[in-house]
Amino acid sequence: MTTTESLETHFERTIEADQRIEPRDWVPEKYRATLIRQIAQHAHSEIIGMQPEGNWITRAPSLRRKAILLAKVQDEAGHGLYLYSATETLGADRGDLTERLISGKQKYSSIFNYPTLTFADVGVIGWLVDGAAICNQVPLCRCSYGPYARAMIRICKEESFHQRQGYELLMTMMRGTAAQREMVQEATNRWWWPSLMMFGPPDGDSPNTAQSMAWKIKRHTNDELRQRFVDMTVPQAEALGVTLPDPDLRWNAERGSYDFGEIDWSEFKEVLRGNGPCNAQRVAHRKRAHDEGAWVREAAAAHARKHREAA
Ligand SMILES: [Fe+2]
Ligand SMILES: [Fe+2]
């Protein structure tokens, strides 16, 4: 019989040695709660994130674009299901998490509370939003919790397909008419700042970061990841021929990085508080889909029960 103390030592040694914690291992309650909250929020973001782009599936300009977009949105559903499964290995209940999302008790990424006004938004979301997601998620492939880390490996492969499809769509539009180039620039103007907000509040305002880094759930701070994203994206914008809407954006040779302007954190907080342009619509849509799916869940449960009884 192992004592709690030796279980704790085992946990700490595993983290220290950069090995993975698995569902069978004892973990501190706070580690479990932190992971459930983070993975659930991530899962919710994948599922809610289907809506802004799903908005364009019926109006995609060609069969090829429709097939690509459909596949991309389906991938996001898959990411959500994968991640909900990861929370279940920590003892969470998927139905309960969905309930928390619908009732506003749990959050999802604030980026999905912005509307998709033109088809160029599909390209810009792939380029910037999936691009930011990749920056955030690649380090999570080395997260200390095994099921989450392994889920992220597959998810990141698909996210990089998403980013490339977005960039390829924008490249095509930039080779098109002046009106199409204008659409790309206008969509870039709207999505740039919200994309930078995806990395979360500045380090000085992010109280949970230190503990998450000590537990090796998180490997870099919000500001480090944001900087990495800016440095990666500026040359892509140049190659594309669009201007990023920030007059303060310039190369800093001393730092070997791009300086950029002040983010409007009051906007971020407002969206987080539920006052973004589409918060109510996104949650209402998710609730409707959940309610309309009740009979499917009941039928699946009845089917499983029948099989158990027959066995
Ligand atoms: Fe995703
Ligand atoms: Fe994606």
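**Iron site and helix packing in the predicted model**

Ser-6 counts as partly exposed, because its relative accessibility is 29%, a value that falls between the limits of 20% for buried and 50% for exposed residues. This residue belongs to helix H1, which spans residues 4-16. Between Ser-6 and Thr-89 the separation is 83 residues in sequence and 22 Å in space, taken from C-alpha to C-alpha. The model described here is predicted.

Four residues supply the protein donors of the iron ion (ligand 2): Glu-76 (OE), Asp-130 (OD), Glu-159 (OE) and His-162 (ND1). These donors lie 1.9 to 2.2 Å from the iron ion (ligand 2). The angles subtended by the 4 donor atoms run from 88 to 154°, and the arrangement is therefore irregular. Along the sequence, the donor residues of the iron ion (ligand 2) follow the spacing E-x53-D-x28-E-x2-H.

Glu-76 also forms a bridge between the iron ion (ligand 2) and the iron ion (ligand 1), and these two ions are 3.4 Å apart. Glu-76 and Glu-159 are both buried.

Helix H7 also packs against helix H6. The axis of helix H6 (residues 120-137) comes within 7 Å of that of H7, and the two cross at roughly 145°. The crossing of H6 with H7 is left-handed. In the contact of H6 with H7, 12 residues are nonpolar, 9 are polar and 2 are charged.

How values were computed: Residues numbered from 1 in each chain as written. Chains lettered and ligands numbered in written order. Predicted model: local features only at pLDDT ≥ 70, side-chain atom pairs only at ≥ 80, totals over all residues. Heavy atoms only, no water. Donors = N, O, S within 2.8 Å, 3.2 Å for Na, K, Ca; no water. Tetrahedral: all angles 85-135°; square planar, octahedral: opposite > 155°, others 65-115°. Buried < 20%, exposed > 50% of the residue type's maximum accessible area, 1.4 Å probe, protein only. Helix = DSSP H or I, 4+ residues; strand = E, 2+ residues; numbered from the N terminus. Axes fitted to C-alpha atoms, helices over the stretch in contact; angles between N-to-C directions. Left-handed = near helix turned anticlockwise from the far one by under 90°. Nonpolar A, V, L, I, M, F, W, Y, C, P; charged D, E, K, R; others polar.
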